Amino acid sequence: MDIYWCCFFVLLLLVLIITSYDNDTKIKKIAFISIESQYNNEKTNLDRLYTKEFIEKISNDKMFYKRNLGPYKILNIYTIKKNIMKGDYSIGVRISDRRGEYIQVMHIKKTNNSFYIFDIEYDI
């Protein structure tokens, strides 16, 4: 009987690791697309990346669109906070553009098996 429990826990651990890796991949993809839309002023499909509440704030956010600051380069993406069970993530994105280097902290929430950015902090 002990071998079955051991196998069960190993299998459960593997599922959690695979899920975590899959979530990390999706979150990085969202970060890349978000940065691309900020520098290229792509206003289409914002609802694919951001919560409705955040989209409403974008028009008043003078830091969101980076007009004439390209080309840009994403130097690093790293995890600041990760709560798999709640679906809450915060990631740091280090970017270089014409002004220099800075960090965006993206706060992301998992809703209905999709990830959405609900806030961005700019460290400029």
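**Salt bridges and ring pairs**

Asp 88 and Lys 109 form a salt bridge, with the closest N and O atoms 2.9 Å apart; the term means a side-chain nitrogen of Lys or Arg within 4 Å of a carboxyl oxygen of Asp or Glu. Asp 88 lies in strand β2 (residues 88-97) and Lys 109 in strand β3 (residues 100-111), so the pair ties together parts 21 residues apart in sequence. Strands are DSSP runs of E, at least two residues, and helices are runs of H or I, at least four, numbered from the N terminus.

This is a predicted model: local features need pLDDT of at least 70, side-chain atom pairs count only at pLDDT 80 or more, and totals for chains, interfaces and linings use all residues. Residues are numbered from 1 along each chain as its sequence is written, and side-chain values use heavy atoms, with hydrogens and water left out.

By this rule the count is three salt bridges. Another of them joins Asp 24 and Lys 82, at 3.1 Å between the closest N and O atoms. Asp 24 sits in helix α1 (residues 2-40) and Lys 82 in strand β1, 58 residues apart.

Now the rings. The whole structure has six aromatic pairs, meaning rings of Phe, Tyr and Trp (its six-membered ring) with centres within 6.5 Å; planes under 30 degrees apart are stacked, over 60 edge-to-face, the rest tilted. For Phe 54 and Phe 64 the centres are 6.1 Å apart and the planes at 70 degrees, so the pair is edge-to-face. Phe 64 also pairs edge-to-face with Tyr 65, at 4.8 Å and 85 degrees. Ring pairs link Tyr 50, Phe 54, Phe 64 and Tyr 65 into a cluster.
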